[in-house]
Amino acid sequence: MSPPTGLYVHWPYCARICPYCDFNVVRARSVDEEAWAKAFEADLTHLLARFGRRPLVSLYLGGGTPSLMSANLIGRIREAANRLFGLETGAEVTLEANPNDVTEASVAQWQGAGVNRLSLGVQSFDDASLRFVGRDHDARAARRAVDLTLRVFARSSFDLIYALPGQTSDDWETELKGALATGARHLSIYQLTVEPGTAFGRQVARGEWAPPGEGLDADLYELTHDVTTAAGLPPYEVSSHAAAGNEAVHNGLYWTGADWLAIGPGAHGRLTTPQGRVATEGTRNIHAYLDAPSRQRLREEMLDDGAVLTERVSAGLRRVKGIEIATLGPAAPRLLDAARPWAAEGLLEIVDGHLMATRTGRQVLDALLAEIL
Ligand code: SF4
């Protein structure tokens, strides 16, 4: 029997490119939706032939800004996924949305197309912060979109970004408490990271501004933990905070080493097969993607045991619940040996058959993973 399986669809267009973004996206000028509808259907047909029918627990429309897709295209993708693979009853169908795209009319259309969860790129409720991160919505639009989303969708998530230059602990606490006061039930809270190759990366390299130092980052992380927990949305993953029962189903597949199909430029999938775990990756270039047949644009690679373990542990330790050691197979004893010194340092815990990063450990997870893997 296959593990729980989801479907990720990457929509590579945005209205404009944010200066911190290193995703595989381009500015939407003219978009041939019919070509994409055909490409996605062909990809799903190809994946069905390659990996067999797997009932889907989730469909995630990400990007990019998939709220720029027409509801008709969203509905066609969902219909094809359901026809070819089957969506389980109550499957989570998430659409990432820009606050500016959220209107009474659009949410009704999205619901009609089968969307039952919205992930809103709010980023901030502060106009100056929104201007700094180059978003095309303001705080008023963010609040309006959040209110409407909470009124219409039983399940939703809002992205927030912190550790902006000049942001103090007090600033962030006020903003975070304001976000929680909206009645949000799931928040994805990211620290601003400056990636090379982005506009921010170039600005920082030129010395135009500097991100906050590690000390403040750590303070803001701790503050985030305390404030969200006090509000009943404790972290359940490094960046994800939810009221009980509102945890993301789809992202949970990534963190638990389950399976997901992935279509669209640059999208990564993972499938368990009798021969081993297969990684798929969509061709990144949008034009090349549309020009190639599915068997060429969705490349496959068999992962070796080491790669599977690295992914499993890297993703699993992001979860507060950690990894069930029994699922690690023959690699478990070696991993536990490597973990014990860090458990003694208070960065990892081995409890009830689970290996977990502590609150402090999750702050330095990348360094910790480099030590134990
Ligand atoms: S909207 Fe999201 S995906 Fe698009 S450029 Fe901005 S951060 Fe990147």
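This is a predicted model: local features need pLDDT of at least 70, side-chain atom pairs count only at pLDDT 80 or more; totals for chains, interfaces and linings use all residues.
Tutor: Residues are numbered from 1 along each chain as its sequence is written, and side-chain values use heavy atoms, with hydrogens and water left out.

Student: What makes the pair of tryptophan 11 and tyrosine 13 edge-to-face?

Tutor: Rings of Phe, Tyr and Trp (its six-membered ring) pair if their centres lie within 6.5 Å; planes under 30 degrees apart are stacked, over 60 edge-to-face, and the rest tilted. Here the centres are 5.1 Å apart and the planes sit at 65°, so edge-to-face it is.

Student: Why is the pair of phenylalanine 200 and tryptophan 209 called edge-to-face?

Tutor: Their ring centres lie 4.9 Å apart with the planes at 80°, so that pair is edge-to-face as well.

Student: How do you know that tryptophan 11 counts as buried?

Tutor: Buried means under 20% relative accessible area, exposed over 50%, and partly exposed in between (1.4 Å probe, protein chains only). Tryptophan 11 has 2%, so it counts as buried. Tyrosine 13, at 7%, is buried too.

Student: What makes strand 16 an edge strand?

Tutor: Strands (E, at least two residues) are DSSP runs, numbered from the N terminus, and two of them pair if DSSP finds at least two bridges between them. Four bridges join strand 16 to strand 17, and strand 16 (348-351) pairs on one side only. The open sheet runs in the order 15-17-16.
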